[in-house]
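Open the model in your viewer and keep the selection panel at hand.

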Amino acid sequence: MVLNNIEKLLEKYENGETSLKEEQQLKNYFSQETVAPHLEMYKPMFAYFLVNQQEQFTKDIPLKTKKVFNYKWISVAAVAVIMLGVYLKSNLNNDLGTINDPEIAFNEVSKSLEMISKSFNTGTSTLQYLDEYDKGASTLGYLNEIENTTNIIFKTNQ
Amino acid sequence: MTQKEFLHIVMPFKDKVFRLAKRLLISTEEAEDATQEVLLKLWNHKEKMEDYKNVEAFSMTMTKNFCFDRLKSKQSQNLKIVHSNYEDNNTSLQKQVELNDSVNWVAKIIEDLPEQQKMVIQLRDIEEYDLDEIAKMLDMNNTAVRVTLSRARKTIREKLTNTHNYGIK
């Protein structure tokens with residue numbers, strides 16, 4: 001009865017029509033010590049399947065947590081650096097400030113204008129030496145007298 | 001996703017990945033490398049893992065493709081994978097030297113099968129997957145899987161019968 005059943009299952013098995021449950025039944029049958037002599041050749045096959053099921057992978061897997069560099073943060077850093085640069089630059093700018101009180105402002109302006117005129121005057125004072133030159137040039141006016149006389153001479157010649 | 005969560009997902013099927021890789025690549029070392037590679041690939045794309053409907057089936061497909069790539073590069077390099085790992089340390093089997101020998105025969109027979117049949121046998125008879133799942137993993141349709149499975153099983157049985165009866169009949 002059991003043998004009959006097994007034979008039927010084997011036929012189905014060879015046609016690939018057995019369910020997993022039926023295959024389990026076959027495996028159980030053939031893992032017995034004694035099987036029907038005419039089915040002896042199936043034994044190593046099922047034994048092989050069962051043995052192979054137990055083989056395990058023993059090598060360990062080196063899982064590395066890959067650091068993904070986030071380029072988003074580069075832009076953030078760049079903006080920060082630019083902002084810092086602008087801030088420092090505006091601080092370095094030598095700002096003279098403004099004067100709010102008009103009277104003080106007027107005084108300040110006149111003071112600085114006075115300073116300008118004073119230094120301007122010292123500049124012009126050195127130019128007075130040019131007057132000497134004028135004097136020298138004026139003495140050359142006598143040369144005109146010579147020219148006059150020569151003119152007279154030439155006229156008489158003509 | 002933390003390492004712990006990842007391992008929690010991967011642990012149940014890492015052995016299956018390994019065994020499939022070994023079925024295709026035969027050498028244990030090669031299979032270990034392949035498994036490592038597949039799992040690392042999964043880890044590196046862990047953000048996408050939530051999108052996969054079935055991580056296990058996806059990994060099996062990945063393993064299949066990876067192993068095919070390996071085999072292709074092996075062939076082009078004209079390298080042969082050397083292996084000597086037929087030993088199965090099952091106590092009940094070691095009692096019977098004769099049977100142990102025939103188990104090795106099964107290994108050899110399966111090794112000689114075409115790759116498609118190898119994979120189907122591995123996934124069905126060893127890992128006990130549903131036919132639909134296998135179809136999805138191998139990118140085949142259900143009937144094709146059934147036919148391949150049937151052919152593989154018949155071949156194994158025929159060859160086993162031959163060896164079994166060798167010298168007797």
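Start by selecting Arg124(B) and Glu23(A): their side chains meet in a salt bridge, N to O, at 2.9 Å. A salt bridge here is a side-chain nitrogen of Lys or Arg within 4 Å of a carboxyl oxygen of Asp or Glu. This is a predicted model, in which local features need pLDDT of at least 70 and side-chain atom pairs count only at pLDDT 80 or more, while totals for chains, interfaces and linings use all residues. Residues are numbered from 1 along each chain as its sequence is written, chains are lettered from A and ligands numbered from 1 in the order in which they are written, and side-chain values use heavy atoms, with hydrogens and water left out.

Stay on the pair. Helices (H or I, at least four residues) and strands (E, at least two) are DSSP runs, numbered from the N terminus. Both Glu23(A) and Arg124(B) are buried; buried means under 20% relative accessible area, exposed over 50%, and partly exposed in between (1.4 Å probe, protein chains only).

**The interface**

Next, show the whole contact (heavy atoms within 4.5 Å). Chain B contributes 44 residues and chain A 36 residues. Together the two chains bury about 3900 Å², 59% of it on carbon and sulfur atoms. Buried area is the accessible area (1.4 Å probe) that two parts lose on being put together, summed over both.

How many salt bridges does the rule find across the interface of chain B and chain A? There are five. Colour chain B by helix: helix H1 (3–25), helix H2 (28–44), helix H5 (97–112), helix H6 (115–126) and helix H8 (142–165) each supply at least two residues of the side that touches chain A. H8(B) gives the most to that side, with ten residues.

**The nonpolar core**

Now select Phe30(A), Phe46(A) and Phe49(A), the residues with the most contacts inside the largest nonpolar core, which has 66 residues. Such a core is a set of buried Ala, Val, Leu, Ile, Met, Phe, Trp, Tyr and Cys residues joined through side-chain atoms within 4.5 Å. H1(B) gives the most to this core, with nine residues. Around Phe49(A), not counting residues up to four places away in sequence, look for Tyr13(A), Lys27(A), Ile110(B), Ile121(B), Asp125(B) and Ile126(B), which Phe49(A) touches.

**Inside chain B**

Move to Glu127(B), in the loop between H6 and helix H7 (131–138) of chain B. Glu127(B) is buried, with a relative accessible area of 6%. The side chains of Arg19(B) and Glu127(B) form a salt bridge of 2.8 Å, N to O. Arg19(B) lies in helix H1, so the pair ties together parts that are 108 residues apart in sequence.

Then select Glu30(B) and Arg70(B), a salt bridge with its closest N and O atoms 3.4 Å apart. Glu30(B) is in helix H2 and Arg70(B) in helix H3 (residues 55–77), 40 residues apart. Glu30(B) counts as buried at 15% relative accessibility, whereas Arg70(B) is partly exposed at 29%.

Finally, zoom out to chain B, with eight helices and zero strands. Of its 169 residues, 49% count as buried.
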